[in-house]
Amino acid sequence: MPVYLLSKLWCSHKSLDKTNAAGTGRSKRHEDAVGAVDDATCRGGQQTVQHSQRTEHAAAFLRSSPTDTRVSSVRKKPSASVCANIGQDEDFEAARKKAESLGAKKVFIEDLRTEFVEHFIWPAVQANAVYEDRYLLGTAVARPCIARRQVEIARREGAQFVSHGATGKGNDQIRFELTCYALYPEVKIIAPWRIPEFYNRFRGRTDLMEYAKEHGIPVPVTPRAPWSMDANLMHISYESGILENPKSRAPADLYLMTKNPEDSPNVQDVLEIEFKKGVPVKVTNMNDGISKTTALDIFSYLNEIGGKHGVGRIDIVENRFIGMKSRGIYETPGGTVLLKAHLDIETFTMDKEVRRIKQGLGIKFSELVYNGFWYSPECDFVRHCIAKSQENVEGKVQLSVFKGQVYILGRESPKSLYNEELVSMDVQGDYDPCDASGFIRINAVRLREHHRLQGLSSTKQ
């Protein structure tokens, strides 16, 4: 997901502060920000941005929205750009050339894939992170990863301004800006899609596509694929355009990361996934013996297998943090496989009451991440609690991936709390069935008293 950084620019901050736009009360510096370019394309995850700002202070600009195109008029050219590789299918050399053709004089290609998996996806796996019971947070966990690196580069380059291409209606503006403010409290943020001069000029997708065509800016959005995409190693999301009607079915050719389950192989892939402290450390394909042991390789391979079998497709309406409902379609193949496997090994190794508390923490973690609070003190606390709960989540899970589904086949663990002799129906073990009578009577005290005092015991059902 390309991110563009402006470092050295031309006019002095002091002189611009003295010049206000006529009749608006805005500074000239603000007016020039309105003229920033945000040329962003995200079909397959490719996104590029160009912005301009007249000040001698360095300025960092971030493109970070799952929308097809963000374009505005160019007033000045940027001097540097940053392209973040978080696993999207993108030609980064082409992105470099595109940035340079749009005026970037310095281009940074940042490979964040391993960092993304280890620092962001793995904590989500440990948490069994799912927002509103269905969404695995593929976009939400990527935003703090991207914004963190943007802030690091902004500080290094002496940038005092950052900008992003997220719309004024979505979650991403919140996620990016909260991360920037948390990690760079003094930063100033420019959001073109919240500036009337920008959104009044470009009222919709047609305006943006026409501008891109007029200025020779290649974009992947066409009348045949009129929707917005956000792609990274964890997932691809689709929204907007023809998908805004929640009744409309997604076109069959929309999906890029997963096969249609009907067209997937007729032979299952049996995988063994090994966990330590709640994160996968090894995956082995029992069919052909292929094995992966590094974080990036493990997740990429699970994407490959899950995608081949059409695993991880969902079509939902969700509640945005900003207060509106939106329709989104998501492909999360590797994440879906890991969620099923982790849930299984966690239940196998974790105390019942600890897991009950941890389930609540997982829900809270998911809400915090979705809403953009990754770097909040409460999210830091929740992550530490979840990490503590994972200390004994260790072992191997065998599962089948087949025709859009994940089937658990078995599990083993040196930290298992499963006592086969104790639970067996054929062996008495260290358990006296008579004890169950007292256990039931004690639990029945509350029920008896409730119905007796409320007069419900005599009510005919």
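Where is the place of Glu132? In this predicted model, Glu132 is found in the loop between helix 4 (113-127) and helix 5 (138-156).

- Most residues other than glycine have a negative phi.
- Glu132 is not a glycine, and yet its phi is positive, at about 50 degrees.
- Glu132 counts as partly exposed because its relative accessibility is 32%, a value that falls between the limits of 20% for buried and 50% for exposed.
- Lys403, another residue other than glycine, has a positive phi near 50 degrees, and it lies in the loop between strand 15 (395-402) and strand 16 (405-412).
- The relative accessibility of Lys403 is 25%, so this residue counts as partly exposed.

**Helix 6 against helix 11**

- Helix 6 (residues 172-183) packs with helix 11 (residues 352-371) at an angle of about 90 degrees, and their axes are 8 Å apart.
- Because of that angle, helix 6 is roughly perpendicular to helix 11, a description used for angles of 65 to 115 degrees.
- Helix 6 contributes Ile174, Arg175 and Leu178 to the contact, while helix 11 contributes Val369, Tyr370 and Asn371.

**Ser389 in helix 12**

- Ser389 belongs to helix 12 (residues 377-389), and it is buried, with a relative accessible area of 16%.
- The side chain of Ser389 reaches the backbone oxygen of Ile386 at 2.6 Å, and a polar contact of 3.1 Å also joins the side chain of Ser389 to that of Gln390.
- When its neighbours within four places in sequence are left aside, Ser389 is in contact with Met350 and Lys358.

- Strands of a sheet pair through backbone hydrogen bonds, either parallel or antiparallel.
- The open sheet here has 4 strands in the order 8-9-14-13, and their pairing is antiparallel.
- Strand 8 (228-231) and strand 13 (313-319) stand at the edges, where each has a single partner strand, so one side of each is left without a neighbour in the sheet.
- From one strand to the next, the twist averages 25 degrees.
- Strand 9 (residues 236-239) and strand 14 (residues 325-331) run antiparallel and are joined by 3 bridges, and Ser237 stands opposite Tyr330 in strand 14.

Conventions: Residues numbered from 1 in each chain as written. Predicted model: local features only at pLDDT ≥ 70, side-chain atom pairs only at ≥ 80, totals over all residues. Heavy atoms only, no water. Axes fitted to C-alpha atoms, helices over the stretch in contact; angles between N-to-C directions. Helix = DSSP H or I, 4+ residues; strand = E, 2+ residues; numbered from the N terminus. Parallel < 35°, antiparallel > 145°, perpendicular 65-115°, else oblique. Contact = heavy atoms within 4.5 Å. Buried < 20%, exposed > 50% of the residue type's maximum accessible area, 1.4 Å probe, protein only. Polar contact = N/O pair within 3.5 Å; in protein donor to acceptor, adjacent residues only side chain to side chain. Pairing = 2+ DSSP bridges.
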